[in-house]
Amino acid sequence: MGLIFVGGIGISVLIEMLLLSKKNKSTSDKILTFWMFLIVVHLFLFYMYSTEVVYKFPFLLGTELPFPLLHGVFLYLYVSSLTNQQPTNRRYLFFHFVPAILMYLYLTTFFILPGEQKALVYRNHGGGYELFNSIRHYAVLFSGIFYVTWSVILLRIHRNSIQDQFSDLHKVNLRWLQILTCGLGCIWLLLILFQDENLVFSGVVGLIFLIGFYGVRQSSIFVGEAKEIIDLAAQQKEKYQKSGLGEDASRELHVALIRLMTEQKLYRNSELSINELAVKLGVHPNYLSQVINQREKKHFYDFVNTYRIDEFKEMITLQRNRQFTLLSLALDCGFSSKTSFNRYFKKVTGQTPSEFADSLTRPAK
């Protein structure tokens, strides 16, 4: 078990070094860097406790107790910053750290105890601090459930936002945030179900390895990129406030939209956005989003990709297109990748593209 924790500490230190070396850090980068440092320290202190080395350094005893109240906070701060959903007045963010600060203030009397007495309290499993340990336990459980749930809600809001802005989500990848949120949620689930610190910190090590593995595959986490597409939808959503659109104007805009999509086949542009389409129609992007949501009962993403699927179905029935692969036809229809095409086609039709193609050549019974 000790080797697992040593490996986790080593990987987390490497990740922290990569984050520190990242140039032009955004706010979300800085939050992740601070959070990873907290994880490194927390994991290292747990290893010292598990090997009882910490008793040689009694000044460290108790310093880790408020840490669990901070991990959920940093998850929320990272998710909300990366999706531009933090409060306008950033001063309110301070209140998220109040529970941990209060816990440190309460522990002041413990910190000033002689080292031998502090060690005795730990060896007696918190003897004399039973009420504190009970309050801390429930505070940690509540904090974890609250912040993980809040982060999931923010991700769902952001996903709906980008579906109203983009026709292709291939470059707007939320999997990194989903991994962090689900990973931390699983750790709190382990704490709730088993209340075994060795098991919980094994889960932390597992999360560290996931972060390292995903970070290598998505290098922008560590080295950055010129343009953070994931921010764009939230920025646009904030820029365009909801406004009313009369019934007649809405109907006319809907007719013009359908005509434009049918005649010019703009959906064949894989990077088509609602802003680009609004410019062609000469309307406010928010009006266009409102029309699509209300009259088509769809997000912009679904609206455009429905046209792409219909186009693909039409193209695959033509004899002259039999020489082309399914993927090449899908790319001509506006899909940007095989993955996004297969996923959406299966969602709409209940079949894979290959199954659908086979059904066209299969003789009717």
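Biologist: How does Glu-52 count at 47% relative accessibility: buried, exposed or partly exposed?

Modeller: Glu-52 has a relative accessibility of 47% in this predicted model. Buried would require a value under 20%, and exposed a value over 50%. Glu-52 falls between these cut-offs and therefore counts as partly exposed.

Biologist: In which loop does Glu-52 lie?

Modeller: The backbone of Glu-52 has a positive phi, near 65°, in a residue other than glycine. Helix H3 covers residues 68-82, and helix H2 covers residues 27-50. Glu-52 is placed in the loop between H2 and H3.

Biologist: What is the phi of Asn-24, which is not a glycine?

Modeller: Asn-24 is located in the loop between H1 and H2. Its relative accessibility is 78%, and Asn-24 therefore counts as exposed. Although Asn-24 is not a glycine, its phi is positive, at about 50°.

Biologist: Are H1 and H2 roughly parallel or roughly antiparallel to each other?

Modeller: Helix H1, residues 2-20, packs with helix H2, residues 27-50, at an angle of about 160°, and their axes are 9 Å apart. An angle over 145 degrees is the cut-off for the antiparallel class. The two helices are therefore roughly antiparallel.

Biologist: What is the handedness of the crossing in which H1 passes H2?

Modeller: The crossing concerns helices whose axes are 9 Å apart. Where H1 passes H2, the crossing is left-handed.

Biologist: Which residues do salt bridges that share partners join into one network?

Modeller: A search of the whole structure finds seven salt bridges. Salt bridges with shared partners form one network, joining Glu-247, Asp-248, Arg-251 and Arg-295.

Biologist: Is Glu-311 buried or exposed?

Modeller: Glu-311 forms a salt bridge with Arg-268, with the closest N and O atoms 2.2 Å apart. Arg-268 lies in the loop between H12 and H13 and Glu-311 in helix H15, so the pair ties together parts 43 residues apart in sequence. Arg-268 counts as partly exposed at 39% relative accessibility. Glu-311 has a relative accessible area of 5%, and is therefore buried.

Biologist: At 58% relative accessibility, does Lys-347 count as buried or exposed?

Modeller: Lys-347 forms a salt bridge with Asp-302, with 3.5 Å between the closest N and O atoms. Lys-347 lies in helix H17 and Asp-302 in helix H15, so the pair ties together parts that are 45 residues apart in sequence. Asp-302 counts as buried at 14%. With its 58% relative accessibility, Lys-347 counts as exposed.

Biologist: With which residues is Phe-341 in contact, leaving aside its neighbours within four places in sequence?

Modeller: Phe-341 lies in helix H17 and counts as buried, at 1% relative accessibility. Its C-alpha is 8.5 Å from that of Leu-331, ten residues away in sequence. Leaving aside neighbours within four places in sequence, the contacts of Phe-341 are Phe-312, Leu-326, Ala-330, Phe-335 and Pro-353.

Biologist: What distance separates the C-alpha atoms of His-137 and Leu-191?

Modeller: His-137 is found in helix H7, residues 130-163, and counts as partly exposed at 23% relative accessibility. His-137 and Leu-191 are 54 residues apart along the chain, and the separation of their C-alpha atoms is 9.9 Å.

Biologist: What percentage of the 365 residues in the chain do buried residues make up?

Modeller: The chain has 18 helices and zero strands. Among contacts between residues at least 6 apart in sequence, 71% join residues at least 24 apart. Of the 365 residues in the chain, the buried ones make up 45%.

Notes
Residues are numbered from 1 along each chain as its sequence is written. This is a predicted model: local features need pLDDT of at least 70, side-chain atom pairs count only at pLDDT 80 or more; totals for chains, interfaces and linings use all residues. Side-chain values use heavy atoms; hydrogens and water are left out. Axes are lines fitted to C-alpha atoms, for helices over the stretch in contact, and angles run from 0 to 180 degrees between N-to-C directions. Helices (H or I, at least four residues) and strands (E, at least two) are DSSP runs, numbered from the N terminus. Angles under 35 degrees count as roughly parallel, over 145 as roughly antiparallel, 65 to 115 as roughly perpendicular and the rest as oblique. A crossing is left-handed if the near helix is turned anticlockwise from the far one by less than a right angle, and right-handed if clockwise. A salt bridge is a side-chain nitrogen of Lys or Arg within 4 Å of a carboxyl oxygen of Asp or Glu. Buried means under 20% relative accessible area, exposed over 50%, partly exposed in between (1.4 Å probe, protein chains only). Contact means heavy atoms within 4.5 Å.
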